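Trainee: Could you take me through one part of this protein's surface, slowly, and show me how that part sits in the whole chain?

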Amino acid sequence: MENSKAHPISQLVDSTLDSLRNLVNANAIIGEAISLPDGTTIIPVSKISFGYGTGGSDIPSKNTGEHFGGGGGGGGTIEPIAFISIYQGEVKLMQLTTADSTADRLVNLVPQVFDKVTALVDDAKAKKAAKKAEETAAVPAAGDAGAQ
């Protein structure tokens, strides 16, 4: 026989998760952009950690009726870890904490490596365009050769 009424532990878990869901949203991780008068845009970045626990038990009793005892709780932290600064098309990540592991250090290097690769590609394109312009200028036009 199926019970049409949900078990109290299910209601307890749902209530706890709904409360935690209200705490965590995308704006808490990547904050709203702040525009400064000089044209700089700053975006805060945070780390969110949370956890919860729920438990309960049907208590045996000689009396009829439901004898359920349970509880649930959760907690969380929001820690600012960095700011993204955008000024005149240049993006910088300014971290508030130091890199503690190799993985953190690698992630920190990504913007710098990207900037260097972009600069190398731009430099190579500029050199290629300059060389092509030199070659074009060095070759006399077909009409110029016969005019002398």
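**A nonpolar patch and its setting**

Mentor: The protein chain has four helices and four strands, where helices (H or I, at least four residues) and strands (E, at least two) are DSSP runs, numbered from the N terminus. Their order from the N terminus is α-α-β-β-β-β-α-α. This is a predicted model, in which local features need pLDDT of at least 70 and side-chain atom pairs count only at pLDDT 80 or more, while totals for chains, interfaces and linings use all residues. Residues are numbered from 1 along each chain as its sequence is written, and side-chain values use heavy atoms, leaving out hydrogens and water.

Now to the patch. Leu106, Leu109, Val113, Val117 and Val121 make up a nonpolar surface patch with about 420 Å² of accessible area together. Areas come from the Shrake-Rupley method with a 1.4 Å probe, and for residues only the protein chains shown count as cover.

Take Val117, which belongs to helix H3 (residues 102-138). Val117 has a relative accessible area of 45%, so it is partly exposed, a class between buried (under 20%) and exposed (over 50%), with a 1.4 Å probe and protein chains only.

As for the setting, 7% of the 148 residues of the protein chain count as buried. The chain exposes about 11,800 Å², with 59% supplied by carbon and sulfur atoms.

Key. Patch = residues over 30% accessible without salt bridge, like charges linked within 9 Å, V, L, I, M, F, W, Y side chains within 5 Å. Salt bridge = Lys/Arg side-chain N within 4 Å of Asp/Glu carboxyl O.
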